[in-house]
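Thanks for coming, everyone. Let me put the structure up, and then we go through it piece by piece.

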Amino acid sequence: MRYANNPILTPRDLAPSQESMKIECLLNPGVFRFDGKTWLLIRVAERPEQREGEISFPLLDDANRITVMRVPSSSPELDLSDPRVISYKGSDYLTTMSHLRLMSSTDGVRFVEEPGYGPVFGSDAYESYGIEDCRVTLLEGTYYLTYTAVAANGVAVRMRSTTDWKRFTDYGLVLPPHNKDCTLFDERIGDLYYMLHRPSSPEIGGNYIWIAESRDLRHWGNHRCVARTRKGMWDSARIGAGCAPIRTGEGWLMIYHGADGDNRYCLGAMLLDAADPSKVLARSDRPIMEPSAPYELTGFFGNVIFTNGHLVDGDRIALYYGASDKVICRADLSVGEILENLRKDL
Ligand code: MAN
């Protein structure tokens, strides 16, 4: 069920990271409990105020400062057909640059910034186009952040960890390009750590969900493909895991996003085997959520519901999601109901 006062956060609710920038979108938050409160780690996408006759976009320079690239909008070498991407002279850039912002709440719907908890920015050349869509997994007392690091070298997965949300340990790129949608499981299975991730294979293969395992959280191996896209269905073009799968009596419940050839993003569910989560026991035939509310149909990039964060309390999943790549919303789902529907889809 969608929260009646959605969206819960819009670009107007935060100040830009610097005066020369404008917040274009708030989206795809990681979610966690800390200090007795619900916290969101929000993806904030910014760009310079656009001026007549030119297209401008932000990048981090070699000294890690935001610099602005400007291109004449009349240039024949400019392709703006996708609002998220600027193709210019054969290279691709992003129209916006994202960083991550922390907000907390005592009721799960009204969020505020707290002094002392600063923003998280890209930190080097591997993040020069920004950092995005961060999953947060609380594992053995430490919060692990797995996010998309975007740069000219490609789109990769980077990891940081923290216990106080003030000081962070950097693990560097844990998966090279092209890869995103990475989440750690929130407990070990046997003596191994597990992650779900989404490499893209442009020629043979596709945008499928994979699993990997590790003994030390730094080195990941035994990669196996968990699930593929399905021709002719709502998840025909690309799929990617949400956040840490939920342990239930029947196996691991994983919420994932799926998009079709028209870039319509819906959410579905999979049930993974408890002892061997590379095995899919059941998968949604129909989406568990699809764009239908006005804020999900139009925005920065319309027809998108995308999640990478939720909190579970008994049967209730408080799911936070980005709608139309523009605003942040909440919906409450029931673990039991999703499992029941998955049984029908067997
Ligand atoms: C796609 C979309 C964007 C994202 C880029 C880079 O174009 O998912 O939201 O900014 O990839 O990850």
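Start with Ser 105. Setting aside neighbours within four places in sequence, Ser 105 is in contact with Lys 37, Thr 38, Arg 110 and Phe 111; contact means heavy atoms within 4.5 Å. A word on the source: this is a predicted model, where local features need pLDDT of at least 70 and side-chain atom pairs count only at pLDDT 80 or more, while totals for chains, interfaces and linings use all residues. Residues are numbered from 1 along each chain as its sequence is written, and side-chain values use heavy atoms, with hydrogens and water left out.

Back to Ser 105. Ser 105 sits in strand E8, residues 97–105; strands are DSSP runs of at least two residues, numbered from the N terminus. Its relative accessibility is 4%, so Ser 105 counts as buried. Buried means under 20% relative accessible area, with a 1.4 Å probe and protein chains only.

Next, strand E3, residues 54–60. Seven of its seven residues are buried, so E3 is largely enclosed by the rest of the structure. Both faces are covered. One side has Glu 54, Ser 56, Pro 58 and Leu 60; the other has Ile 55, Phe 57 and Leu 59.

What does E3 pair with? Strand E4, residues 66–72, antiparallel, over seven bridges. Pairing requires at least two DSSP bridges between the strands. Leu 59 stands opposite Thr 67 in E4. The two strands, E3 and E4, form a hairpin with five residues between them. In that turn, Asn 64 has a positive phi of about 70 degrees.

How values were computed
Buried < 20%, exposed > 50% of the residue type's maximum accessible area, 1.4 Å probe, protein only. Helix = DSSP H or I, 4+ residues; strand = E, 2+ residues; numbered from the N terminus.
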